[in-house]
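Please look over the structure shown below before reading on.

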Amino acid sequence: MKEFNNVLRSYGTTIFEVMSRLAQENGAINLGQGFPDGNGPPDVVRVACEYLETGVNQYPSMMGIPPLREAVANINKRFYGLEIDGSVEVMVTSGGTEALASSLFALIEPGDEVVLIEPLYDSYLPIVRRAGGVAKFIRLEPPNWSLTESSLASVFSDRTKLILLNSPMNPCSKVFTTEELSLIASFVSKYDSYAVCDEVYEHLLFDGLKHVPLMTLPGMRERCIRIGSAGKTFSLTGWKVGYITAQLNLLNPIAKAHQFLTFTTPPNLQAAVAYGLSKDDHYFKTLSSGLERCRDLLANGLKNLGFEVMPCHGSYFITADFRPLGFEGNDEEFCRHITVEAKVAAVPVSAFYQGGGVDNFVRFCFCKEEKTLMKALDRLRKHFNG
Ligand SMILES: Cc1ncc(COP(=O)(O)O)c(C=O)c1O
């Protein structure tokens with residue numbers, strides 16, 4: 001029989017799936033895959049339920065239902081001072097993942113260069129390659145994960161179509177500084193390129209930090225595609241409701257990709273997310289302060305066990321070096337070991353790099369109930385300290 005697509009054939013099952021399966025088989029607490037405990041805010045869920053019975057359940061507008069597009073425009077203004085016309089500059093997608101795919105399929109011509117920053121969320125590279133793009137990597141390394149001008153200069157050229165920027169960043173929990181964002185903006189402008197900004201963790205920042213969309217920097221409004229996710233903002237990862245904010249001329253081609261991929265997103269979930277985005281500041285503050293408590297609990301617990309824990313300023317992941325524990329093996333072996341022996345699952349950070357390198361770090365997810373985190377720490381303590 002004829003071969004299937006070559007790019008996709010080269011990828012196996014994702015490490016998240018592999019570790020989650022191993023966790024299940026071993027009765028392990030899964031701190032590998034990133035999904036919150038619980039069932040999201042009850043009022044948001046109720047709106048979705050009510051809409052199913054009282055709303056219109058046929059194909060909604062391809063661009064998204066007007067109340068959600070308006071809510072996304074309002075939140076852009078409320079948090080970042082961006083003036084957005086919800087009727088033409090916002091599109092609803094089936095999750096951040098589809099927003100990324102639609103943006104990349106819309107912008108990339110075969111042979112275009114695409115700047116990717118490692119460690120890298122797993123869906124970026126296959127989509128870039130499937131769209132015919134040529135990836136140019138910048139590697140950020142622990143403990144600081146800093147982005148330098150020379151690293152940008154080494155990958156940007158006249159062939160660069162776009163940079164994919166994830167801030168706050170999964171898996172390393174980095175929040176790009178204003179200086180780093182300014183550097184990126186200067187390269188994007190200099191090389192007449194675009195920035196696809198994966199900002200799904202925009203409301204999950206800690207230590208008093210505020211999220212700064214690249215789009216708010218001078219000259220960036222017309223070059224940025226800003227992506228958000230209700231899955232992250234409302235701890236409802238299974239809903240897969242995302243949204244793109246971009247100037248009309250950029251959003252138009254992306255809408256064309258979207259119309260041939262998913263076309264639309266369940267209307268009851270859209271209505272509930274529109275309601276959710278209109279919640280008061282208390283909701284957003286409690287979301288980040290609750291997660292910050294979980295971060296501290298896990299970070300302190302891991303430190304006490306002997307891990308070297310990296311700073312975590314955003315997202316719901318924490319990375320830690322396990323070498324001080326004396327484990328002799330790489331990160332994947334360590335993850336398998338703790339899943340099987342200690343009954344706690346994590347994911348290896350090397351899976352977020354092409355071609356290895358950093359192989360002594362693991363990523364733990366802390367968007368879990370405090371009692372789940374304490375139980376996981378207890379299991380690790382019993383395993384490593386007897
Ligand atoms: C960096 C990043 N981008 C995008 C997504 C996907 O978002 P969604 O679940 O809305 O598709 C995730 C989910 O884990 C993520 O970590």
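Ala272 has a relative accessible area of 0% and is therefore buried, where buried means under 20% relative accessible area, exposed means over 50%, and partly exposed lies in between, computed with a 1.4 Å probe and protein chains only. The model is a predicted one, in which local features need pLDDT of at least 70 and side-chain atom pairs count only at pLDDT 80 or more, while totals for chains, interfaces and linings use all residues. Residues are numbered from 1 along each chain as its sequence is written, and side-chain values use heavy atoms, with hydrogens and water left out.

**Ala272 and helix H11**

- Ala272 lies in helix H11, and the helices (H or I, at least four residues) and strands (E, at least two) named here are DSSP runs, numbered from the N terminus.
- Leaving aside residues up to four places away in sequence, Ala272 touches Val44, Val47, Ala48 and Trp239, a contact being heavy atoms within 4.5 Å.
- Ala272 and Ala346 are 74 residues apart along the chain, and their C-alpha atoms are separated by 32 Å.
- Helix H11 covers residues 267-277, and because ten of its eleven residues are buried, it is largely enclosed by the rest of the structure.
- The buried residues of H11 include Pro267, Asn268, Leu269 and Gln270, as well as Val273 and Leu277.
- The cover over these buried residues includes helix H3 (42-54), helix H4 (66-80), strand S2, helix H9 (230-233), strand S8 and helix H12 (281-305).

**Helix H10**

- Helix H10 (residues 248-261) has 14 residues and reaches 20 Å from its first C-alpha to its last, close to the 20 Å expected at 1.5 Å a residue, where the expected span is 1.5 Å times one less than the number of residues.
- Leu250, Leu251, Ile254, Ala255, Ala257 and His258 are the buried residues in H10.
- An α-helix has 3.6 residues a turn, so residues three or four places apart point the same way.
- Among the elements that cover the buried residues of H10 are strand S2 (90-93), helix H5 (95-107), strand S6 (194-198), strand S7 (224-229) and strand S8 (242-245).
- Phe263 follows H10 and has a positive phi, near 65°.

**The ligand**

- The ligand is surrounded by 13 residues, of which the closest are Thr97, Asp198, Tyr201, Ser229 and Lys240; a residue counts as near a molecule or strand if one of its heavy atoms lies within 4 Å of it.
- A backbone N or O atom of Gly96 lies 2.7 Å from an oxygen atom of the ligand, and an N or O atom in the side chain of Asn170 is 2.8 Å from an oxygen atom of the ligand.
- A nitrogen atom of the ligand lies 2.5 Å from a polar side-chain atom of Asp198.
- On its own the ligand has 400 Å² of accessible area, and the protein covers 94% of this, with accessible areas coming from the Shrake-Rupley method with a 1.4 Å probe and, for residues, only the protein chains shown counting as cover.

**Backbone features in the loops**

- Most residues other than glycine have a negative phi, and most peptide bonds are trans.
- Pro142 and Pro143 are joined by a cis peptide bond with omega about 5°, and Pro143 is placed in the loop between strand S4 (134-139) and helix H7 (149-155).
- The peptide bond from Ser167 to Pro168 is also cis, with omega near -10°, and Pro168 lies in the loop between strand S5 (160-166) and helix H8 (178-190).
- Ser173, which lies in the loop between S5 and H8, has a positive phi near 65°, and its 1% relative accessibility makes it count as buried.
- Ser235, in the loop between H9 and S8, has a positive phi near 50°, and its 23% relative accessibility makes it count as partly exposed.

**The whole chain**

- The chain holds 14 helices and 13 strands.
- The radius of gyration of the chain is 21 Å, close to the 21 Å that the globule rule gives for 386 residues, so the chain is as compact as a globular protein of that length; this radius is taken over C-alpha atoms, and the rule is 2.2 Å times the number of residues to the power 0.38.
- Of the 386 residues of the chain, 58% count as buried.

Note on methods:
Polar contact = N/O pair within 3.5 Å; in protein donor to acceptor, adjacent residues only side chain to side chain.
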